[in-house]
Amino acid sequence: MTVGAGISVADGNLMVLGNRVLSQVHDNIVVTPACGGALLNGAFIGVASHHKGSRTVFPIGKLQGLRFMCVFRFKMWWMTQRMGTCGQEVPIETQFLLVEADGGSDIDGGEDQAAATYAVFLPLLEGDFRAVLQGNDQNEIEICVESGCPAVEEFDGTHLVFIGAGSDPYEVITNAVKTVEKHLQTFAHRERKKMPDMLNWFGWCTWDAFYTNVTSENVKQGLQSLEKGGIPAKFVIIDDGWQSVGMDPNGIEWKSDSAANFANRLTNIKENHKFQKDGKEDQRVEDPALGLSHITNEIKVEHDIKYVYVWHAITGYWGGVKPGVTGMEHYDSKMTFPVSSPGVESNQPDEAFTTIAINGLGLVNPEKVFHFYDELHSYLASAGIDGVKVDVQNILETLGAGHGGRVKLARKYHQALEASISRNFPDNGIICCMSHNTDGLYSAKRSAVIRASDDFWPRDPASHTIHITSVAYNTIFLGEFMQPDWDMFHSLHPMAEYHGAARAVGGCPIYVSDKPGHHDFDLLKKLALPDGSILRAKLPGRPTKDCLFTDPARDGKSLLKIWNMNDFAGVVAVFNCQGAGWCKVGKKNLIHDENPGTVTGVIRAKDVDYLSRVADDKWTGDAIIYSHVGGEVVYLPKDASIPVTLKSREYEVFTIVPVKELTNGVKFAPIGLIKMFNSGGAVKEISWGSNESTDVAMKVRGCGQFGAYSSARPKLITVDSEEVEFKYEDESGLVTIDLRVPEKELYQWSISIDF
């Protein structure tokens with residue numbers, strides 16, 4: 001028997017806390033206990049093998065009859081989810097696998113029933129190699145180990161996959177990643193990273209509004225348009241289109257109305273003529289005051305913009321940095337032709353990668369890449385730029401040949417990038433994009449925001465429900481490393497409310513890419529306040545426990561529920577996402593059901609896994625549930641549930657608040673700003689008074705209708721010590737007051753309620 005703290009291989013079975021997870025485990029599989037770390041029940045899996053090679057596949061054992069959820073790369077840049085019950089359903093390029101080792105009765109029953117056991121598998125980086133999981137037609141889980149360089153063949157192989165186990169899936173995953181953090185010492189967990197302040201403000205991105213045709217004038221138009229409607233953007237992302245780029249004379253162009261020309265290369269670190277004051281094509285103005293700074297200064301002064309970010313690829317531009325170009329010779333850029341790994345190659349083809357592979361990429365010498373980033377970022381910082389969206393990150397995995405392999409190259413680039421960000425953008429101003437590979441995730445010590453799925457595709461009807469499910473399930477893994485970013489969306493779009501509700505519970509930045517004049521301000525007012533701030537939930541939004549192994553995109557019967565926390569309440573958004581998914585046969589997103597039916601599920605207080613953390617120690621388990629779309633207040637006794645029924649592409653958002661019993665027997669629960677999606681995000685402080693007093697005192701941010709549940713009609717409500725009128729519904733217990741727009745930014749009203 002090989003033992004690793006609750007995880008062992010015995011009689012050919014991989015046992016996890018007494019439950020068999022894999023059978024017919026191969027003799028060369030070794031288990032090493034995890035030393036220290038955050039997880040008591042954890043171990044590393046590896047292989048005792050004399051094999052060597054730049055790419056090797058090892059079977060571990062058979063997975064049969066147990067529910068699993070995994071996230072895998074369906075194309076070079078991005079992951080999505082897959083559910084199943086046997087090994088052959090585990091896709092190639094699986095980077096995270098969660099198995100229900102013992103179902104217990106946790107989902108439907110009460111506290112006295114057996115809890116489930118969960119096992120998480122994390123394929124790791126070991127030396128110069130990267131491991132991923134995949135299934136074979138014998139239902140075996142395999143470890144695929146590759147270096148990305150034909151010359152890099154030797155590896156140890158003992159610490160290829162980490163397995164963690166326990167009864168709370170979220171805790172198991174968090175503690176597993178923290179244990180791996182201690183083991184690898186090459187990355188940091190999200191909780192230890194500085195979050196950039198732009199996350200807390202409403203923003204606008206230029207991409208869908210203008211694509212690469214964007215000009216400095218367009219930036220002003222977009223910001224003016226939002227400000228005019230009363231919901232001002234406070235951060236802006238100037239996406240692809242501001243840089244100085246050009247094609248090689250013999251290059252093969254990629255043409256598209258809504259994409260960049262992937263054959264272009266960077267020809268100068270400074271902006272192109274469209275972002276120079278009175279700039280003219282093919283004429284470079286060297287005066288920095290007439291460059292990017294003229295637009296950043298103007299929008300910060302005239303539109304009170306707090307943060308301006310710009311886009312660039314991790315290699316400078318899609319086609320890299322043009323070798324030998326005047327002024328950039330010292331970066332020692334060399335033409336390199338990317339080679340995709342066989343695993344990625346077998347999934348969805350990608351036009352960006354294909355174009356880059358044909359034209360080659362100008363790769364900055366890894367020894368000079370810090371100087372490249374530092375010179376680029378210091379110029380941007382001097383022009384008033386506060387951060388960067390760094391895109392196309394996974395391209396590095398295809399360029400490892402001759403550089404010691406993919407892991408070594410990625411780490412060198414990421415270390416240089418983070419050092420430059422730290423030096424030039426003190427608010428940790430970086431958004432990582434097209435970066436869903438473990439080469440990057442396990443090399444990220446500082447980067448704190450990551451785009452969580454493939455793009456918002458406004459004109460692809462199949463993409464919208466897929467977008468929501470992909471982000472939710474990807475976040476289970478990605479959210480341990482960084483705060484997931486759900487991407488921009490359009491406020492004026494048939495699926496706008498659906499996307500907006502999801503972002504309200506994502507804990508993510510909220511930003512749109514509306515064309516000037518194309519806005520739905522009624523929707524935006526559910527997401528942002530007049531001062532441009534948002535009511536951001538505190539965690540990465542993840543699927544509820546009872547959604548972890550169901551398939552809300554394909555099974556025809558499950559809803560997707562996403563939970564998050566505020567200071568004094570939880571929030572759960574529910575979506576009918578049925579009808580579309582990534583097709584493993586067609587290798588693309590497809591609508592498989594044109595008319596998916598109505599789906600019914602249940603909502604409960606325990607859907608918010610951490611709700612007890614914001615209740616006091618006398619909490620009985622009773623909660624108030626407020627439905628945003630329905631506008632209903634429901635008192636929910638402990639362990640009770642209410643049904644929720646949604647038609648295709650419908651959603652609902654529930655604010656869930658623990659009920660507090662005051663000393664006089666009155667039951668009370670503050671809901672928040674009831675016209676906003678994340679109502680409870682407005683409640684910032686509560687004090688319940690002393691034994692002699694039955695006052696409730698709160699600090700509340702924002703404006704509009706504030707609501708609370710009260711089992712008795714209040715005698716008096718004051719706001720900032722002034723008595724105010726209130727409404728009270730005897731039947732539901734809903735008490736409401738109106739809060740005016742405060743004069744100060746981020747102002748908190750003092751609300752006092754007497755009984």
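Trainee: Which residues is Leu559 in contact with, leaving aside its neighbours within four places in sequence?
Mentor: Leu559 touches Cys547, Pro552, Val574, Phe575, Asn576, Val599, Thr600, Gly601, Val644 and Leu646. Contact here means heavy atoms within 4.5 Å. Keep in mind that this is a predicted model, where local features need pLDDT of at least 70 and side-chain atom pairs count only at pLDDT 80 or more, while totals for chains, interfaces and linings use all residues. Residues are numbered from 1 along each chain as its sequence is written, and side-chain values use heavy atoms, with hydrogens and water left out.

Trainee: Okay, is Leu559 buried or exposed?
Mentor: Leu559 counts as buried because its relative accessibility is 8%. The cut-offs are under 20% relative accessible area for buried, over 50% for exposed, and partly exposed in between, with a 1.4 Å probe and protein chains only.

Trainee: And where does Leu559 sit?
Mentor: In the loop between strand E28 (542-543) and strand E29 (560-565). Strands (E, at least two residues) and helices (H or I, at least four) are DSSP runs, numbered from the N terminus.

Trainee: New topic: helices. How do H7 and H8 pack?
Mentor: Helix H7 (residues 369-382) packs on helix H8 (residues 406-424) at an angle of about 30 degrees, and their axes are 9 Å apart. That angle makes H7 roughly parallel to H8, since angles under 35 degrees count as roughly parallel, over 145 as roughly antiparallel, 65 to 115 as roughly perpendicular and the rest as oblique. Axes are lines fitted to C-alpha atoms, for helices over the stretch in contact, with angles from 0 to 180 degrees between N-to-C directions.

Trainee: Which residues of H7 meet H8?
Mentor: Among them are Val369, Phe370 and Tyr373 in H7, and the H8 side includes Tyr413, Ala416 and Leu417.

Trainee: Can we switch to loops? What is phi of Gln24?
Mentor: Near 50 degrees, a positive value in a residue other than glycine. Gln24 lies in the loop between strand E4 (19-22) and strand E5 (29-33), and Gln24 counts as exposed because its relative accessibility is 52%.

Trainee: What about Lys587, what is its phi?
Mentor: Phi of Lys587 is near 60 degrees, again positive in a residue other than glycine. Lys587 is in the loop between strand E31 (580-583) and strand E32 (588-591). With 25% relative accessibility, Lys587 counts as partly exposed.
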